[in-house]
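Here is a set of questions and answers to read beside the sequence and the model.

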Amino acid sequence: MQVILQLTFQQAARGVNKDVSVNILDTCPRCSGARCEPGSKAVRCPYCNGSGMETVSTGPFVMRSTCRHCHGTRMHIRYPCNECNGKGTTVQRKMVTVPVPAGVEDGQTVRMQVGKKDLFITFKVTQSDYFKRDGADVHTEAAISLSQAVLGGTVRVQGIYEDIMLQIPANTSSHTRIRLAGKGIKRMKSSGYGDHYVTVKVVIPK
């Protein structure tokens, strides 16, 4: 069973719990998996005497095979459950909470057990107009004034988890790239975080 789950860039980067509605095979709510109508119960199969096997004679040969009546379960259900037809399970529509791990990428698929089945979830991540992702690293741009470039100062930039006060050194030229170590996206296959690279652009007043 496969589900496509839409995520924003921030949800994929930071992780989130997402609710998704899926059809799953689960224990019958009417008989609680007993396979027989409430108020009745399964009895030892009278056709195979509870052995699960039956003996069939074909001429000079005697063959043993799985009981055709209890299908090897050794129990006979006289009154099968009306909801699951004696199967013990039904297909049910359920809301499942998917714990999306921080750092998932577009197109990545994870497996999650739901009921008696495995649910394969493929993430579709919307691109950000602000962040540019490169693995666990992110790249952004920040505009600074001419006086900030010459004298230095601070500028507020949006980070993955919080706003960051970026220190601008004096005599910074336009298109200088500043590295914020460990301020990127959490690495999924190893420990630690990526880096956040900010490219500063000097805005010249007209």
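Q: In which sense do strand β4 and strand β5 pair, and over how many bridges?
A: Strands here are DSSP runs of E with at least two residues, numbered from the N terminus, and two strands pair if DSSP finds at least two bridges between them. β4 covers residues 53-58 and β5 covers residues 61-66. E54 of this pair stands opposite S65 in β5. The pairing is antiparallel, over six bridges.

Q: Which residue takes a positive phi in the hairpin of β4 and β5?
A: This is a predicted model, in which local features need pLDDT of at least 70, side-chain atom pairs count only at pLDDT 80 or more, and totals for chains, interfaces and linings use all residues. Residues are numbered from 1 along each chain as its sequence is written, and side-chain values use heavy atoms, with hydrogens and water left out. The hairpin has two residues between its strands. With phi near 65°, the residue is G59.

Q: How is the chain divided into domains, and what area is buried between domain 1 and domain 3?
A: By an automatic or database domain assignment, domain 1 is 1-42 + 77-127, domain 2 is 43-76 and domain 3 is 131-203. The contact (heavy atoms within 4.5 Å) takes 10 residues from domain 1 and 10 residues from domain 3. Buried area is the accessible area (1.4 Å probe) that two parts lose on being put together, summed over both. Carbon and sulfur atoms give 61% of the area between these two domains, which is about 910 Å².

Q: Why is one side of β1 and of β8 left without a neighbour in the sheet?
A: The open sheet of three strands runs in the order β1-β9-β8, with mixed pairing. β1 (2-7) and β8 (109-114) stand at its edges, so each has a single partner strand. β8 pairs with β9 (residues 117-125) in the antiparallel sense over six bridges, and M112 stands opposite L119 in β9. The open side of β1 and of β8 therefore follows from having a single partner strand.

Q: Is I121 buried or exposed?
A: I121 lies in strand β9 and is in contact with V3, L5, V98, Q108, T109, V110 and M112, leaving aside neighbours within four places in sequence. Buried means under 20% relative accessible area, exposed over 50% and partly exposed in between (1.4 Å probe, protein chains only). Because its relative accessibility is 1%, I121 counts as buried.

Q: Which residue in β15 is the bridge partner of T176?
A: The open sheet of four strands has the order β10-β11-β15-β14. β14 (176-180) is one of its edge strands. It pairs with β15 (residues 196-203) in the antiparallel sense over five bridges. The bridge partner of T176 is V200.
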